[in-house]
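Trainee: Hi! Could you walk me through this one?
Mentor: Happy to, let's look together.

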Amino acid sequence: MGLVVQKYGGSSVADAEGIKRVAKRIVDAKKNGHQVVVVVSAMGDTTDELIDLAEQVSPIPAGREFDMLLTAGERISMALLAMAIKNLGHEAQSFTGSQAGVITDSVHNKARIIDVTPGRIRTALDEGNIAIVAGFQGVSQDKKDITTLGRGGSDTTAVALAAALDAEVCEIYTDVDGVFTADPRVVKKARKIDWISFEDMLELASSGSKVLLHRCVEYARRYNIPIHVRSSFSGLQGTWVSNEPRGDRKVEQAIISGVAHDTSEAKITVVGVPDKPGEAAAIFRTIADNEINIDMVVQNVSAASTGLTDISFTLPKAEGRKAIDALEKRKDVIGFDSLRYDDQIAKISLVGAGMKTNPGVTAGFFEALSDAGVNIELISTSEIRISVVTRADDVNEAVRAVHTAFGLDSDSDEAVVYGGTGR
């Protein structure tokens, strides 16, 4: 049997009973002949509690010390899990991200993995141990400072280790039974997907699906590491994410894979931009220089009388204030009139590789939103995705309407979120 990397989210190790349940599952994999490497998140809401504590002490915590604080959550989990495994009669060794050889760049709070040198992990495995690694963290290549990887960092840690160790699979354990056609907290009749391609999963992840994060899926696609998303609360088969269905299973690619939504974005409109070459470049260079990621971009047709246009774009809410401040500083250079900021928006996306060869998908999508009384503010499309921005208050009704319109509703039992978070 090959090497397996397992990742357990915060809801799976939220308390002592959860940790003992996870330890038994890990030991079972070891008994089945696998070498096992485990990546673990912080317990329950520990990370959120540490963030709140830091903000009480300092309104703007220093990046280096903030990372040092946040990594404590995963270190607690890994040590307790190793203890629980030893209590079941098996040897386990815990490692921080730096001890596991997770090398990152120097950007605190959202570092990117640039290399993995898992020498100590290989040694532990060769000695017959189970290796437990703290997710979400690494060490910077130049300054050797502790860094954190940002949202979804533990998933990325797991896939990166799976690639470095040439694992046969990376199992992502969460509190839902797999990847669903929509968020099961919003759509009770969402269906579990047995297999989904990397391409479709990337689009769902980038569109707001929370079960897997975009960076994790991109890393897995790059190194062709199959991901098995399953629940730590049940023994059911989950969802396989890979280039092709595994083994003898032949799963036809669905026309529509699912509906995703995202309420974590805001919209900035740059009003009165001179419609001439270089203006859009100046706006988005300002955003890029402040290390802010943008999503959707729409430019209006310029008014003939003024030669001015408006440019709107979406970005994470957490980056909204930084983006506004950066643009205001360059207002005179760029030459726009004003800025509008709106954080009461939501993005809804329809994803499926089959839509590029099936006419009528776009019309059906907009008709479903119209029938639900949902107004559209922005539109963005790719070959396998249609995304729109609506009012945040409309998002749940919109997702349910689109899900039903494309025949994605399940006829069987309602989808279960065991831990309540969908992660």
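Trainee: What is the order of the strands in the open sheet?
Mentor: The order is β3-β6-β2-β1-β9-β11-β12-β10, eight strands with mixed pairing. Strands (E, at least two residues) and helices (H or I, at least four) are DSSP runs, numbered from the N terminus, and two strands pair if DSSP finds at least two bridges between them. This is a predicted model, where local features need pLDDT of at least 70, side-chain atom pairs count only at pLDDT 80 or more, and totals for chains, interfaces and linings use all residues. Residues are numbered from 1 along each chain as its sequence is written, and side-chain values use heavy atoms, leaving out hydrogens and water.

Trainee: Which strands stand at the edges?
Mentor: β3 (92–95) and β10 (195–197) do; each has a single partner strand, so one side of each is left without a neighbour in the sheet.

Trainee: How many bridges join β3 to β6?
Mentor: Four, and β3 and β6 (residues 130–134) run parallel. Gln93, for instance, has Ala131 in β6 as its bridge partner.

Trainee: New topic: which residues of α1 meet α3?
Mentor: Ile19, Val22, Ala23, Ile26 and Val27 of α1 meet Leu80, Leu81, Ala84 and Ile85 of α3, where contact means heavy atoms within 4.5 Å.

Trainee: And what is that contact like by class?
Mentor: There are nine nonpolar residues, no polar and no charged ones. Ala, Val, Leu, Ile, Met, Phe, Trp, Tyr, Cys and Pro count as nonpolar, Asp, Glu, Lys and Arg as charged, and the others, Gly among them, as polar.
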